[in-house]
Amino acid sequence: AQPLDPQLQAELSACAVWLVVTPAAGAMLETSIYAPCDRDATVAITHAGLTFDTRIGGDGQMMVQIPALTADATVTVAFADGREQTDTTEVPDLAMMERVVLQWQGPAVLMLHAYEFGAQYGDPGHVFAGSAMAPGSDGTTPGHGFLTMLGDPALPAAHLAQVYSYPRGETPRSGEVALEIEVPVTDASCGAALEANAMEMHGVSSAQVRQIRLDMPACDGEGGYLVLPGVLPELQIALN
């Protein structure tokens, strides 16, 4: 084996953290972290008002794709002891994207549902955690958007997020996408006043931010779901 470069060896010995952010298809940020001295560490990742908590792998590495919210995109990784690492990249295709972010803090669970062009529950145009879709190699899912789930719900009181994206610049369809929030009634959420944050982004325009308060039903042991249509405005999709 060839000896390591002396500078690289010094950084490894000093427990350096490497963070590399590059643009990916669908106006995504491919975020790669290498922190050899921070195996299994919990980290907070932030980007343009989006925040989520996750865990670095047992090998000191982690890769996550983050929906870009600004064309000049900066991602910051923060460790529990106050250390931070930041990287920035340009996102050339952001102008073609419609995005809605729903973020909250666990242990409650929130779910973002998108109903595209009149789709009903379970139809092909119903995009949610159970049918999240994904951007294609060119950044599009023709005629459909996609959902990105961020954060590790197994972490105590983790910040979590779901982001719906629609690539309007390449769509062969036009019409409305209805958005709905669904909250399971569990021991962690029943009888509580939950707070969430939503951001709506249309191309490269500034994000529109709104605070959402959800008063959950009492803990009667019956479970079920609280379904909230109309809390988020419909997206208007037009042919390019």
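Are Arg 213 and Asp 215 buried or exposed? The points below work towards that pair, which is taken up in point 6.

1. Before anything else, please keep in mind that this is a predicted model, in which local features need pLDDT of at least 70 and side-chain atom pairs count only at pLDDT 80 or more, while totals for chains, interfaces and linings use all residues. Residues are numbered from 1 along each chain as its sequence is written, and side-chain values use heavy atoms, with hydrogens and water left out.

2. Strands here are DSSP runs of E with at least two residues, numbered from the N terminus, and two strands pair if DSSP finds at least two bridges between them. Strand β1 (residues 18-24) and strand β2 (residues 28-34) run antiparallel and are joined by 7 bridges; Pro 23, for example, has Leu 29 in β2 as its bridge partner.

3. A search of the whole structure finds 4 salt bridges, a salt bridge being a side-chain nitrogen of Lys or Arg within 4 Å of a carboxyl oxygen of Asp or Glu. In one of them Asp 38 is joined to Arg 83, with the closest N and O atoms 2.6 Å apart. Asp 38 lies in the loop between β2 and β3 (42-47) and Arg 83 in the loop between β6 (72-79) and β7 (84-90), so the pair ties together parts that are 45 residues apart in sequence. Asp 38 is buried, with a relative accessible area of 10%, whereas Arg 83 counts as partly exposed at 30% relative accessibility; buried means under 20% relative accessible area, exposed over 50%, and partly exposed in between, with a 1.4 Å probe and protein chains only.

4. Another salt bridge is formed by Glu 200 and Arg 210, whose closest N and O atoms are 2.7 Å apart. This pair links distant parts of the chain, with Glu 200 in strand β14 (residues 193-202) and Arg 210 in strand β15 (residues 208-215), 10 residues apart. Glu 200 counts as buried at 4% relative accessibility, while Arg 210 is partly exposed, with a relative accessible area of 31%.

5. To return to the opening question, Arg 213 is exposed, and so is Asp 215. Their side chains meet in a salt bridge, at 3.2 Å from N to O. Elsewhere, salt bridges that share partners join Asp 38, Asp 81 and Arg 83 into one network.

Definitions and conventions:
Helices (H or I, at least four residues) and strands (E, at least two) are DSSP runs, numbered from the N terminus.
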